[in-house]
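Please look over the protein shown below before reading on.

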Amino acid sequence: MTPVAEPEPSPASPPAVVTCRDCAFWFSFGPDAGSCRRYAPPPSQHVDDTGFWPETLATNACGEGILKAAPGAPETISCGDCVFWHRYNPDQGVLPLRRADLPAEWWRMAGFCIRRAPRAEYQWQWRTVTRAHWRATHISDQCGEAARRNPAPAPAARPEMDDDKS
């Protein structure tokens, strides 16, 4: 997983607030709108839920953003390149049981984001525990908590030149 370099706040300075426009985790739809891709989608209690990221304005801001221009700023990684993205059947994608609101082509290119573990919870109405279902995301979706499936290979070491051969 690509480590996210979180700046350590000093007692003399308040925490940094980064606008969405300047954030490494913001996915722009245009000059003034986009979505926050900081976190991976959590599991759901419902079958066939899809992951979605909240839409924000470029002028919105939060304390969890990281400047995209900062040295060592993290990047978002697409679901298709992420080790936490799982497809039970790579040839068919996801076969939804109860959803018809997205086109079949979207589901063919979908998989499950398994980045987050389900949280413990009790449903007092039914006096039972809930089941966890991981959310479907599209191969082209992306987030800031991803880990690249195939990290870039390290540069090969150069062999030592032995000029003292006589």
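**Strand pairing and side-chain contacts**

F27 has S35, a residue of β3, as its bridge partner. The model is a predicted one, and the strands that hold this pair, β2 (residues 26-28) and β3 (residues 33-36), run antiparallel to each other and are joined over three bridges.

**The hairpin and its surroundings**

- Between β2 and β3, which together form a hairpin, there are four residues.
- On β3 there is also a pairing with strand β4 (residues 55-57), again in the antiparallel sense and over three bridges, and within this pairing A33 stands opposite L57 of β4.
- F25 belongs to the loop that lies between β1 (18-19) and β2, and F25 counts as buried because its relative accessibility is 0%, where the cut-off for buried is under 20%.
- Although F25 and R37 are twelve residues apart in sequence, their C-alpha atoms are 5.1 Å apart in space.
- H46 has its place in the loop between β3 and β4, and with a relative accessibility of 49% H46 counts as partly exposed.

**An open sheet of three strands**

- The strands of this open sheet follow the order β7-β8-β11, and their pairing is antiparallel.
- Its edge strands are β7 (85-86) and β11 (136-138), each of which pairs on one side only.
- Strand β8 (residues 110-113) runs antiparallel to β11 and is joined to it by three bridges, with A110 standing opposite H138 of β11.

**Cysteines**

- The structure holds zero disulfides, and for C36, which is in none, the nearest cysteine sulfur is that of C62, at 6.0 Å.
- C36 has a relative accessible area of 26% and is therefore partly exposed.
- C82 counts as buried, at 6% relative accessibility.

**Aromatic pairs**

- The count of aromatic pairs comes to three, and one of them is formed by F27 and F29, whose ring centres are 5.9 Å apart and whose planes stand at 80°, so the pair is edge-to-face.
- Both members of that pair are partly exposed, F27 with a relative accessibility of 32% and F29 with a relative accessible area of 48%.
- W106 and W107 also form an edge-to-face aromatic pair, with 5.0 Å from centre to centre and 85° between the planes.
- Are these two tryptophans, W106 and W107, buried or exposed? W106 is buried, with a relative accessible area of 17%, and W107 likewise counts as buried, at 3% relative accessibility.

**Charges over rings**

- The charged end of R38 sits over the ring of Y39, at 5.0 Å from the centre of that ring.
- R115 lies over the face of F84, and here the distance to the ring centre is 4.9 Å.

Definitions and conventions: Residues are numbered from 1 along each chain as its sequence is written. This is a predicted model: local features need pLDDT of at least 70, side-chain atom pairs count only at pLDDT 80 or more; totals for chains, interfaces and linings use all residues. Side-chain values use heavy atoms; hydrogens and water are left out. Two strands pair if DSSP finds at least two bridges between them. Helices (H or I, at least four residues) and strands (E, at least two) are DSSP runs, numbered from the N terminus. Buried means under 20% relative accessible area, exposed over 50%, partly exposed in between (1.4 Å probe, protein chains only). A disulfide is a pair of cysteine sulfur atoms within 2.5 Å. Rings of Phe, Tyr and Trp (its six-membered ring) pair if their centres lie within 6.5 Å; planes under 30 degrees apart count as stacked, over 60 as edge-to-face and the rest as tilted. A charge sits over a ring if NZ of Lys or CZ of Arg is within 6 Å of the ring centre and within 35 degrees of the ring normal.
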